Amino acid sequence: MCYKYLWDNLVAGDFPSIKFFTFFCLKPQHNLCEDLKMMSADSGFSASTLDDVVRYYSNTCKMLAPAHDQLLLRYEYQKDHSLLGEDKFAYDSVWLKNQICCCLEFWHGEREASYASEEERWKCGFCQFANICPLYTNDGKRIVGNTSNDSNITNA
């Protein structure tokens, strides 16, 4: 869903080039080196400055279509790329934005970390924090305790 969100925002509107240049402290009129000028010409567009590249990128994105709302997640074996499985699901922008906001709250220090949900608890044996987690012990059994941080957790 994140990829769809990013893609759709790229193709929907103008790329925020001024913010891009400002954020990365770039000079839009900076001349490209000769190698990059030749590479851009070989790719079918003429660019002599960084602004030329960004404008071409932005214009190309505008010509592309948004992603479908029906998404497909493919699981492939890395060794031979054979198909292990597929999951089809609908895009849910409200759910995605809520998940992003929840993560940002944690990363910005606005909330404590939460425990894995009951259906995700199988991962606990592999987690690097298992030795300090109040819900996990060395024998894999849950410890009964304060679980108020996660409404999906019940006392054992």
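A pocket is an open set of grid points with protein on both sides within 12 Å along at least five of seven lines, and its lining residues have an atom within 4 Å of a point. By that criterion, Tyr 5, Leu 6, Asn 9 and Leu 10 line the second largest pocket of this structure. The model is predicted, with an average pLDDT of 86 over the chain.

**Second largest pocket**
- The volume of the second largest pocket is about 210 Å³.
- Its lining comprises three nonpolar residues, one polar residue and no charged residue.

**Lys 4 in helix α1**
- Helix α1 spans residues 2-12 and includes Lys 4.
- Lys 4 has a relative accessible area of 6% and is therefore buried, the cut-off being under 20%.
- Beyond four places in sequence, Lys 4 touches Ala 67, His 68, Asp 69, Leu 71 and Tyr 91.

**Strands β1 and β2**
- Strand β1 (residues 70-76) pairs with strand β2 (residues 83-90) in the antiparallel sense, over seven bridges.
- Across this pairing, Gly 85 in β2 stands opposite Tyr 75.
- The hairpin of β1 and β2 has six residues between the strands, and His 81 takes a positive phi near 60° there.

**Confidence**
- A pLDDT of at least 70 is reached by 87% of the residues.
- Over residues 143-156 pLDDT stays under 50, and the model has 29 contacts beyond four places in sequence for this stretch.
- Where pLDDT is low, predicted coordinates should not be read in detail.

Notes:
Residues are numbered from 1 along each chain as its sequence is written. This is a predicted model: local features need pLDDT of at least 70, side-chain atom pairs count only at pLDDT 80 or more; totals for chains, interfaces and linings use all residues. Side-chain values use heavy atoms; hydrogens and water are left out. On a 1 Å grid over the protein atoms alone, a cavity is a set of points where a 1.4 Å probe fits but cannot get out, and a pocket is an open set with protein on both sides within 12 Å along at least five of seven lines; lining residues have an atom within 4 Å of a point. Grid points are joined across faces, edges and corners, and a volume is the space filled by probe spheres set on the points. Ala, Val, Leu, Ile, Met, Phe, Trp, Tyr, Cys and Pro count as nonpolar, Asp, Glu, Lys and Arg as charged, and the others, Gly among them, as polar. Helices (H or I, at least four residues) and strands (E, at least two) are DSSP runs, numbered from the N terminus. Buried means under 20% relative accessible area, exposed over 50%, partly exposed in between (1.4 Å probe, protein chains only). Contact means heavy atoms within 4.5 Å. Two strands pair if DSSP finds at least two bridges between them. pLDDT is the predictor's confidence in each residue, from 0 to 100.
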